[in-house]
Amino acid sequence: MTPPAPAGTPSGPTADQAGGPHVGIVMGSDSDWPVMEAAAKALDEFEVPYEIDVVSAHRMPREMIAYGEQAADRGLKVVIAGAGGAAHLPGMLASVTPLPVIGVPVPLKYLDGMDSLLSIVQMPAGVPVATVSVGGARNAGLLAARVLAAHDPELRERMRAFQQGLNDQATEKGKRLRA
Ligand code: RP5
């Protein structure tokens, strides 16, 4: 897992794996990476190949549209898009790709991420974005893995084991409190 490469070229440690990346993780700026990194970490845990890039809706709109238009043909199955402030990236990508788009509202210095959240979540009917919580990049990665698991029994088993792990941890915490 590496920080986003310069804009334009899909990258990421797993992008060269056989079959290519299944998930595209994109963000409006490399300043979003400290938040978005959690999505990549989650996909690492499930050994899901992904690519990372900076695709700014406002600063590089033509590249952003090209990324969305080409994503499915390049073999991506899910797009995770994070942005902060006037966060138009997830919605604009969703408007030009048939793939599921998961939006991550990135919190910035002002407004506690509410601006990002509302920009991403209030999509018009017909153009869905699955919006996670403010800063919820880990859940975005986990949701992408679940989408892929719907058609991948092995990945589904890994997800079941992960869920069992959550259950075990919570049970253990309860036991410790009761002791
Ligand atoms: C958004 O503007 C980006 O997603 C980022 O959250 C925010 C600020 O970008 P920088 O000015 O830090 O590059 O489009």
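The tour below goes from overall confidence to a domain, a helix pair and the ligand.

Start by colouring the chain by pLDDT, since this is a predicted model. The protein chain averages 92, and 90% of the residues score at least 70. Now select residues 6-17, where the pLDDT is below 50; this stretch still has 25 contacts in the model beyond near neighbours in sequence. For the complex, the predictor gives an ipTM of 0.97 and a pTM of 0.91.

Next, select residues 21-170, which an unreviewed UniProt entry annotates as "domain: PurE". Over this range the chain is 47% helix and 17% strand, with 33 Å between the end C-alpha atoms.

Within that range, show helix α1 (residues 33-45) and helix α5 (residues 137-149). How do their axes meet? They come within 6 Å and cross at roughly 35 degrees, and the crossing is right-handed. To see the contact, display side chains: on α1, pick residues including Val-35, Met-36, Ala-39 and Leu-43, and on α5, residues including Ala-137, Gly-141, Leu-142 and Ala-145. The contact comprises 12 nonpolar residues, one polar and two charged.

Finally, centre on the ligand. Which residues are around it? Select Met-27, Gly-28, Ser-29, Ser-31 and Asp-32, then Ser-56 and His-58, then Ala-83, Gly-84 and Gly-85, and lastly Val-106 and Leu-108. Colour this shell by class and you will find four nonpolar, seven polar and one charged residues.

Technical notes
Residues are numbered from 1 along each chain as its sequence is written. This is a predicted model: local features need pLDDT of at least 70, side-chain atom pairs count only at pLDDT 80 or more; totals for chains, interfaces and linings use all residues. A residue is near a molecule or strand if its C-beta atom, placed from the backbone, lies within 6 Å of it. Ala, Val, Leu, Ile, Met, Phe, Trp, Tyr, Cys and Pro count as nonpolar, Asp, Glu, Lys and Arg as charged, and the others, Gly among them, as polar. pLDDT is the predictor's confidence in each residue, from 0 to 100. Two residues are in contact if their C-beta atoms, placed from the backbone, lie within 7 Å. UniProt positions are given in the numbering used here, feature names are shortened, and annotations may be inferred rather than shown by experiment. Helices (H or I, at least four residues) and strands (E, at least two) are DSSP runs, numbered from the N terminus. Axes are lines fitted to C-alpha atoms, for helices over the stretch in contact, and angles run from 0 to 180 degrees between N-to-C directions. A crossing is left-handed if the near helix is turned anticlockwise from the far one by less than a right angle, and right-handed if clockwise.
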